[in-house]
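This report goes through a structure part by part. Please look over the sequence and the model shown below before reading on.

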Amino acid sequence: MNETITKGHLSEEQIDRDLLKNVNWGGTFKLWMGFLTVSLIICLYYYYQQLRNGLGVTGLHDYVSWGIYISNFVFFVATSLIGMLVSSVLGMMKVDWVRPVARIAELVAVAFAMVAGLIIITDMGRPDRLLNVFIHGRVQSPIVWDIAVVVTYVAISALLLYIPMLPDIALCRDKLNNVPKWQQKMYKSLSLGWNNTAKQFRLMNRYTRMLLVLIIPIALSIHTVTSWLFAMTLRSGWDSPIFGPYFVSGAFVAGCAAVIIAMYFFRNNYKLKNYITADHFDRMGKLLVLVALVYVYFNINEIIVPGYKANTADAKHVHEMLYGHDSVMFWLVQLGGLVIPFLLILFKPMRKPLPLTLISVIVLAGAWFKRVLIVVPTQLAPYYPIQNVPEGWTGYTPTTPEIAITVASFILVLMIITVLAKLFPVVPIWEVKEDMNHKNN
Amino acid sequence: MKNNKGYHIIILFCLCFLAVANVNAQSDWQVPVEANEKLSPFLFDDDMVLEGRVAYENSCTSCHGTPSQDDFTPMSPPPGDPASEPFQAQSDGSMFYKIKTGRGTMPKFADAFADDELWNIVAYIRSFNENYKQELPNMEGIVIPEYAMKLSFDENVDKLVVKVFAEELPQPEVSVSAYVMGTFGKHLLGKAQTNELGIAYVDVDPTLPGDEEGRVNVMVKATKGFARAKVEEHMVMAKATERHSAIEGRHIWSTDRMAPIWLKITFFVSVFGVWFALLFIVFGLRNIKKARKEA
């Protein structure tokens, strides 16, 4: 038994009080939600502009038809993968320290996966054409695979968030008497008459286990298929057989960073220092080092193999990356967003909550720009030269509407996480109690 | 002193030579009288103009430019625009002679073009002159026969058989040229002369690619003096081309029909399998509700 689950011994009442405290609609929440809503409305105005005038309001054109929308989509899918790693892989390996943060990881996963699907729609000038994927979709098309796995992953993540939360929802139903009526009703119906009977626990554990097994291949396929959207083409920079694992390993880096940031905010704002301890940050930091190392390894492969062979198109692509047009962003992302952070986290003081969170913010930002580097430069180096086209088409600069719509996707994620974290306890109460009993006995 | 005088004479001589040479270069190009009066044995028609244009664009444009555009290459002496007055003032025979023999920077085309092809070029140059009327020899008493042609293919010896008639009588010594019409212009199959039975044979390469049934579009011209005839016919005499779809075979992604069975099974079994498991769990939630009264 490790010592990280809780600090010291806490009574069950204390635990209930501490962890249910955040389930309320306080003033800070209203202020924060109000801010998010206003920002979202501003961004939605730009989306209205795009709907009315078409994709012409973006910086996209015939050559770069996938800009920051698709980069953002890849980033969102990547970040959502952490739910699988933390709750499923580590959970099934009985790595006990992840239990208090598993729900946070699952929240991040659900929010990012849900919005990822929406981002695809913003990339379409005619959103109604999405129906064509279902009407005329072909089984051979990676886009059809992508739609199938994204929808499945959202469903499975939502179930994996919900089912292990049943005892806590029942607790909310029983203990929270001062919440609005609709909320009480919601707890009542969502708790499915949970009564803490042994059979209920048995069933819950069985279904959770099934989901934990199912989510591993689904999560791997969602990001592998996302990588195949690129890798199944013959474009230099995308035409790579290791794109699947390359994307998956990169996803864990982004996801770890996102979870660390979320942990820090919940720990400070919800006063959960006894439940999400410095030790959790230390261990998440170590996990981040591990996944970052794997990702660095894949990055080296992605550059050295085509760079060494240097066939015409790949050589150009590698050249642009290493010392050409995209080199500034490339080195900032690779060194600043990946190598230096992971070297820093190797030192224990850097794995303390605040430094680790700051480093994670940088890693997450780096991960976002890394997706831009994967998506955009390849399109600017077509096999046929770019000629007899408007001047702006030799480059790509996102426009204000494009940036606003991308910001909107982040606002949506924050809103989903905020609402869910206000409706339900973010740390699994029953698991903490169970652990405590285990320790006391 | 004596030496000095010698130098003067040499310099004077050189100057004189240069002057004479310069005058010579700018003097009119003298064409022999006989050549100057030579008349085209063909009647200039649209067909000849079209062929002359192709020949002109391949061999003449680089110096003379596009006729009537005055965009010839600046050279000394200037090549000039063939649609211009000085060119059009010449006789047909003079143009023919100059193209054929060449002089100075104007190349000799005798080896590049046969006489009829040279006349095509003259016809093309004349087509820019609205006032031009072709000068014809004295035709009194001469009847220009109207040719008819019959084409067939002898597959035993791979020869195109051309029979030339005029009012049902076979015509000997008629020049016959056969072409295969392609998408981008025509390709010469061969040239021959009719024998006393009015028949000409043209070799056909049996590996020539035709359409799915081995058909090619054959064009045959028969000319003798001012008598001309032309037929175009689709004939089965080439190798049949088997057409393959550019997207067949391994290209599984091309059309819905190309979806391989293993992919369909993998996709649908995985998707339905996973969703079946999810629905199983969702319906299983009722069991959790039922289990609330059991210990």
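**Terms and numbering**

Two strands count as paired if DSSP finds at least two bridges between them. Helices (H or I, at least four residues) and strands (E, at least two) are DSSP runs, numbered from the N terminus.

The model is predicted: local features need pLDDT of at least 70 and side-chain atom pairs count only at pLDDT 80 or more, while totals for chains, interfaces and linings use all residues. Residues are numbered from 1 along each chain as its sequence is written, and chains are lettered from A and ligands numbered from 1 in the order in which they are written.

**Contact between chain A and chain B**

Two residues are in contact if their C-beta atoms, placed from the backbone, lie within 7 Å. Chain A gives 24 residues to the contact and chain B gives 22 residues. On the side of chain A that touches chain B, helix H7 (142-162) and helix H10 (198-231) of chain A each supply at least two residues. The largest share of that side, 10 residues, is from H10(A).

Residues are also sorted by class: Ala, Val, Leu, Ile, Met, Phe, Trp, Tyr, Cys and Pro count as nonpolar, Asp, Glu, Lys and Arg as charged, and the others, Gly among them, as polar. The side of chain A that touches chain B has 16 nonpolar, 6 polar and 2 charged residues.

**Helices H10 and H11 of chain A**

Two packed helices are described by the angle between their axes and the distance between the axes. Axes are lines fitted to C-alpha atoms, for helices over the stretch in contact, and angles run from 0 to 180 degrees between N-to-C directions. H10(A) packs with helix H11 (residues 243-269) of chain A at an angle of about 125°, and their axes are 8 Å apart. H10(A) and H11(A) are therefore oblique to each other; angles under 35 degrees count as roughly parallel, over 145 as roughly antiparallel, 65 to 115 as roughly perpendicular and the rest as oblique.

Among the residues that meet are A:Leu220, A:Trp228 and A:Phe230 in H10(A), and A:Phe243, A:Tyr246 and A:Val248 in H11(A). By class, this contact of H10(A) with H11(A) has 9 nonpolar, 5 polar and no charged residues.

**Domains of chain B**

Chain B is assigned domain 1 (2-126) and domain 2 (147-236), with bounds that come from an automatic or database domain assignment. The C-alpha centres of these two domains of chain B lie 35 Å apart. Their contact takes 5 residues from domain 1 of chain B and 6 residues from domain 2 of chain B. The side of domain 1 that touches domain 2 has 4 nonpolar, no polar and 1 charged residues.

**Strands of chain B**

An open sheet of 4 strands in chain B has the order S5-S4-S7-S8, with antiparallel pairing. Strand S5 (185-193) and S8 of chain B stand at the edges, each with a single partner strand, so one side of each has no neighbour in the sheet. From one strand to the next, the twist averages 20°.

Within the sheet, strand S4 (residues 175-182) and strand S7 (residues 215-224) of chain B pair antiparallel over 6 bridges. B:Ser177 has B:Lys221 in S7(B) as its bridge partner. S7(B) is joined to strand S8 (residues 227-236) of chain B by 10 bridges, also antiparallel. Here B:Met219 stands opposite B:Glu232 in S8(B). S7(B) and S8(B) form a hairpin with 2 residues between them, and B:Gly225 in the turn has a positive phi of about 60°.
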